[in-house]
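Here are a few friendly notes to read alongside the model. Please keep the viewer open as you go.

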Number of protein chains: 2
Amino acid sequence: MLSKACEYGIKAMIYLAGTSQEGQRVSLNLVAQHIESPEAFTSKILQKLAKAKVVKSVKGAKGGFELNGSTSKEIFLWDIVVAIDGTAIRDDCFLGLNYCSRSNPCPVHDKYEKIRDDIMSFLMKTSVHDLSLTVQEGKSFLS
Amino acid sequence: MLSKACEYGIKAMIYLAGTSQEGQRVSLNLVAQHIESPEAFTSKILQKLAKAKVVKSVKGAKGGFELNGSTSKEIFLWDIVVAIDGTAIRDDCFLGLNYCSRSNPCPVHDKYEKIRDDIMSFLMKTSVHDLSLTVQEGKSFLS
DNA sequence: TTTAAATTGGACAAATGTGTCCGATTTAAA
DNA sequence: TTTAAATCGGACACATTTGTCCAATTTAAA
């Protein structure tokens, strides 16, 4: 479904939304430790998210990654997925047809459309903020 | 979602269900042409499906792949997915947690469970035979 | 029995995804 | 101004997936 990079990216953002709330910055090292991801690889992913302006990064001493509470309410899983995996999950045919459409449908076009719509609604309506709350409450986990 | 190999495998099976109806065998070459897949790669995939007894293969002249109509009614997308991609799509956590469960859930555990159930129901209830009918009627396409 | 048609299996090649290393750069603080 | 802490960026390494090639094997038919 999602690439490893995207999984790490989402977990990192959820962690940041929970810890960086008062404008505090969190280091790559801390992020990787808490989500149990390879640090150097996580670095690349956070760089990508920073370029896509999904998270703010600050270089130098006392630097790190920053995501204030109000911003995290406006960031949805879809934003992260697009920044890392692109829009293939929304655009690509379930059977890989190059041109799959209403007028040239693959055999599962209609049946899969409902599932795709559910996935998209899930990704576009679920905010990083909401997910971080359940982690902070100890009701869900990032590792 | 699915690997390329799995996409080819499903398309190949749908094509076979439509052409090999009267116990006729279809050559790898024909299959690959109709589903527009790389022939040698498709060979590997059909070999895997043959070993998993999802399709019958016959070597030698007048050989090929065979899938009679009654059998195709009992083969569901899930059978093909399991033979090629395994059960990860059913078993793996959306965020990649090694142990994601009701008692140690990831932040999207509940929300994604519904989607996963829909996907599984789609895969387990959709037969190769049903899909091949829409192709034969010219209502859907494999390329 | 020979030949042609077909799958099989193994080795290889290319592309992509995952992951590492390290020097360059930036910034805060001593 | 120097130093330490941090991200950035590029090159590299490894693993998996995708794809190719070809000799070996099997089978039907001439």
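The points below cover a helix pair and the protein surface around a DNA strand.

1. This is a predicted model, in which local features need pLDDT of at least 70, side-chain atom pairs count only at pLDDT 80 or more, and totals for chains, interfaces and linings use all residues. Residues are numbered from 1 along each chain as its sequence is written, chains are lettered from A and ligands numbered from 1 in written order, and side-chain values use heavy atoms, leaving out hydrogens and water.

2. Helix H7 (residues 109-125) of chain A and helix H7 (residues 109-125) of chain B have axes that come within 10 Å and cross at roughly 170°. H7(A) and H7(B) are therefore roughly antiparallel (over 145 degrees). Their contact (heavy atoms within 4.5 Å) includes Ile115(A) and Phe122(A) of H7(A) and Ile115(B) and Phe122(B) of H7(B). The contact residues comprise eight nonpolar, no polar and four charged.

3. Around DNA strand D there are 25 residues, of which Leu28(A), Lys44(A), Ser57(A), Lys4(B) and Pro38(B) come nearest; a residue is near if one of its heavy atoms lies within 4 Å.

Definitions and conventions: Axes fitted to C-alpha atoms, helices over the stretch in contact; angles between N-to-C directions. Helix = DSSP H or I, 4+ residues; strand = E, 2+ residues; numbered from the N terminus. Parallel < 35°, antiparallel > 145°, perpendicular 65-115°, else oblique. Nonpolar A, V, L, I, M, F, W, Y, C, P; charged D, E, K, R; others polar.
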